[in-house]
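Load the model in your viewer and keep the selection tool at hand. The stops below go from the ligand to one residue.

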Amino acid sequence: MMVPPNYSTEFADRVALVTGAASGIGLAAARRLAAGGAALAIADIDEKGARAVADVFVAEGGRAVAVGVDVTDPVSVKEAVRTVLQEFGALHLAVNNAGIGGPVAPTHRYPQDEWRRVMATNLDGVFYSMRHELPAILASGGGAIVNMGSSCAVNGFAGVAGYAAAKHGVIGLTKTAALEYAARNIRVNAIVPGFIETPLLAGATPTERSHLIGLHPAGRLGTPEEVAEMAAFLLSERASFVTGGYHLVDGAYAAQ
Ligand code: NAI
């Protein structure tokens with residue numbers, strides 16, 4: 001029988017990289033992994049924000065480093081992984097979470113430059129991240145990766161062609177990498193959150209907000225911590241036979 005985990009030490013010998021960790025879901029995931037004892041690379045295009053987060057973790061007695069990264073740039077991602085290895089000597093866990101919402105417009109009016117920007121961040125960014133994380137994780141003896149999907153990764157959502165296409169792509173990348181590395185001790189999963197209370201939704205009007213809430217049978221938006229808890233499970237040994245899937249954290253949104 002499995003021994004119950006000690007949640008405050010289960011990541012004690014693990015090094016974790018979280019992209020988009022200066023805000024929202026990424027920040028909550030980083031905080032949750034730090035609470036389990038992991039050494040954290042707080043990676044974000046918002047370098048100042050990342051530094052502020054890392055400073056707090058260190059002040060609380062944790063091990064953390066801020067890493068400025070633009071996930072749309074493969075050279076920047078390569079450098080970020082190199083920095084993690086230099087700083088901590090290994091990489092075991094990654095949460096590829098950096099993402100943007102992009103415009104809302106029907107497909108025939110969806111701006112082409114915005115399409116490129118959304119794909120570059122939400123899909124290319126996950127590919128570049130895994131491309132550079134995987135060799136580092138292999139060299140460190142194995143580990144696990146979580147990619148951030150969305151309800152728009154498994155269902156369409158009118159008005160967000162770029163976002164939905166990119167997030168569907170994230171599921172394809174996740175399944176493929178899971179197959180490729182399952183026998184090499186790296187598990188790869190995706191999380192499919194419903195709408196979550198983060199700065200990403202800050203632009204929503206009160207009407208749009210209540211519409212979004214109404215999409216969830218649970219009658220509310222999710223919290224970043226609720227998504228972070230799934231990430232922690234998937235990255236832990238508790239999920240040792242869980243790979244290649246996407247995991248809903250959505251208040252029954254997708255069940256309808
Ligand atoms: P957020 O806006 O609070 O945080 C996103 C973070 O990513 C920010 O710190 C931002 O600086 C960083 N970032 C943006 N572009 C970047 C780049 N090119 N390189 C590196 N970092 C970059 O957003 P939130 O809500 O925490 O979103 C995180 C992830 O969760 C995204 O992938 C998003 O698509 C996904 N998601 C969010 C949902 C929501 O309702 N908030 C629902 C489903 C999925």
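The tour follows in order of selection.

This is a predicted model, in which local features need pLDDT of at least 70, side-chain atom pairs count only at pLDDT 80 or more, and totals for chains, interfaces and linings use all residues. Residues are numbered from 1 along each chain as its sequence is written, and side-chain values use heavy atoms, without hydrogens and water.

Next, show distances from the ligand to N or O atoms. A side-chain N or O atom of Ser23 is 2.6 Å from a ligand oxygen. For Lys167, a polar side-chain atom lies 2.9 Å from a ligand oxygen. At Ile45 a backbone N or O atom is 3.2 Å from a ligand nitrogen. The ligand alone exposes 830 Å², of which the protein buries 92% (Shrake-Rupley, 1.4 Å probe).

Now select Thr174 in helix 5 (residues 161-181). Thr174 counts as buried because its relative accessibility is 1% (buried is under 20%, with a 1.4 Å probe and protein chains only). Its side chain makes a polar contact of 3.0 Å with that of Asn147 (N or O atoms within 3.5 Å, one able to donate a hydrogen and the other to accept it). The Thr174 side chain also reaches the backbone oxygen of Val170 at 2.6 Å.

Conventions. Helix = DSSP H or I, 4+ residues; strand = E, 2+ residues; numbered from the N terminus. Buried < 20%, exposed > 50% of the residue type's maximum accessible area, 1.4 Å probe, protein only.
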